[in-house]
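Welcome! Open your viewer, get ready to select residues by number, and follow along one stop at a time.

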Amino acid sequence: MKNTLLLLSVLLLSSCYQSERNCTDFKTGKFYSESTTNGIVYTSEFIRTETLQIETYNNHVDSSEVRWINDCEVIFRTINPKNMAEQKDIHLKILTTTDSSYTYEYSYVGEVNKAKGTAYRK
């Protein structure tokens, strides 16, 4: 009986474990990112300040306004969009963090389909 209670206690405590997220550590800085969409890996590099993100991917530079909803969620709005897709805001949520990286999911605001990726501090 004692062993059963101990096992049950361990299971209950371990099921309540949540990984720690230190999202504020990644609000600013220089990063390298990898995300996979439809089996294709996309890479980019970006610099993020409190209010601006400048991203380079496929020799294309894009600038976005940054608006944090909370410590782990942010909205990006493209500055000077060149087409309809760039006019849509992007919602990014940090899921987990380590000392030098974070995993995230993102989508256009209001869309259900989300993609995931990892960003690494440079």
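## First stop: Asn 113

Select Asn 113, which sits in the loop between β7 and β8 (115-121). Strands like these are DSSP runs of E with at least two residues, helices are runs of H or I with at least four residues, and both are numbered from the N terminus. Asn 113 is exposed, with a relative accessible area of 66%. Here buried means under 20% relative accessible area, exposed means over 50%, and partly exposed is in between, using a 1.4 Å probe and protein chains only. Leaving aside neighbours within four places in sequence, Asn 113 is in contact with Tyr 106 and Ser 107. Contact means heavy atoms within 4.5 Å.

Before you go on, know what you are looking at: this is a predicted model, in which local features need pLDDT of at least 70 and side-chain atom pairs count only at pLDDT 80 or more, while totals for chains, interfaces and linings use all residues. Residues are numbered from 1 along each chain as its sequence is written, and side-chain values use heavy atoms, with hydrogens and water left out.

## Step back: the whole chain

Now show the cartoon. Among the contacts in the chain with a separation of 6 or more, 29% are between residues 24 or more positions apart.

## The disulfide

Next, select Cys 23 and Cys 72. Their sulfur atoms are 2.0 Å apart and form a disulfide, a term used for a pair of cysteine sulfur atoms within 2.5 Å. Cys 23 lies in the loop between α1 (2-15) and β1 and Cys 72 in the loop between β4 and β5, so the pair ties together parts that are 49 residues apart in sequence. A disulfide is a covalent bond between the sulfur atoms of two cysteines. A search of the whole structure finds one disulfide. Look along the S-S bond: with 95 degrees about it, the link of Cys 23 and Cys 72 is right-handed. Are these two cysteines buried or exposed? Cys 23 is buried, at 2% relative accessible area, and Cys 72 counts as buried at 10%.

## The nonpolar core

Select Val 74, Leu 92, Ile 94 and Tyr 102. Of the 14 residues in the largest nonpolar core, these four touch the most other members. The elements that give two or more residues to this core are β4, β5, β6 and β7. A nonpolar core is a set of buried Ala, Val, Leu, Ile, Met, Phe, Trp, Tyr and Cys residues joined through side-chain atoms within 4.5 Å. In soluble globular proteins, nonpolar side chains tend to be buried together.

Stay on Val 74 for a moment. Not counting residues up to four places away in sequence, Val 74 touches Val 66, Arg 67, Trp 68, Ile 69, Ile 90, His 91 and Leu 92.

## The largest pocket

Now select Ser 35, Glu 55, Tyr 57, Ile 90 and Tyr 106. Of the 34 residues that line the largest pocket, these lie nearest its centre. On a 1 Å grid over the protein atoms alone, using a 1.4 Å probe, a pocket is an open set of points with protein on both sides within 12 Å along at least five of seven lines, and lining residues have an atom within 4 Å of a point. Which element gives the largest share of the lining? That is β2, with six residues. The volume of the pocket is about 940 Å³, where grid points are joined across faces, edges and corners and the volume is the space filled by probe spheres set on them.

Select Ser 64 in strand β4. Ser 64 counts as buried, at 11% relative accessibility.

Finally, select Asn 58 in the loop between β3 and β4. Asn 58 has a positive phi of about 50 degrees although it is not a glycine, and it counts as exposed at 71% relative accessibility. Then select Asn 80, in the loop between β5 and β6. Its phi is near 55 degrees, a positive value in a residue other than glycine, and Asn 80 counts as exposed at 60%.
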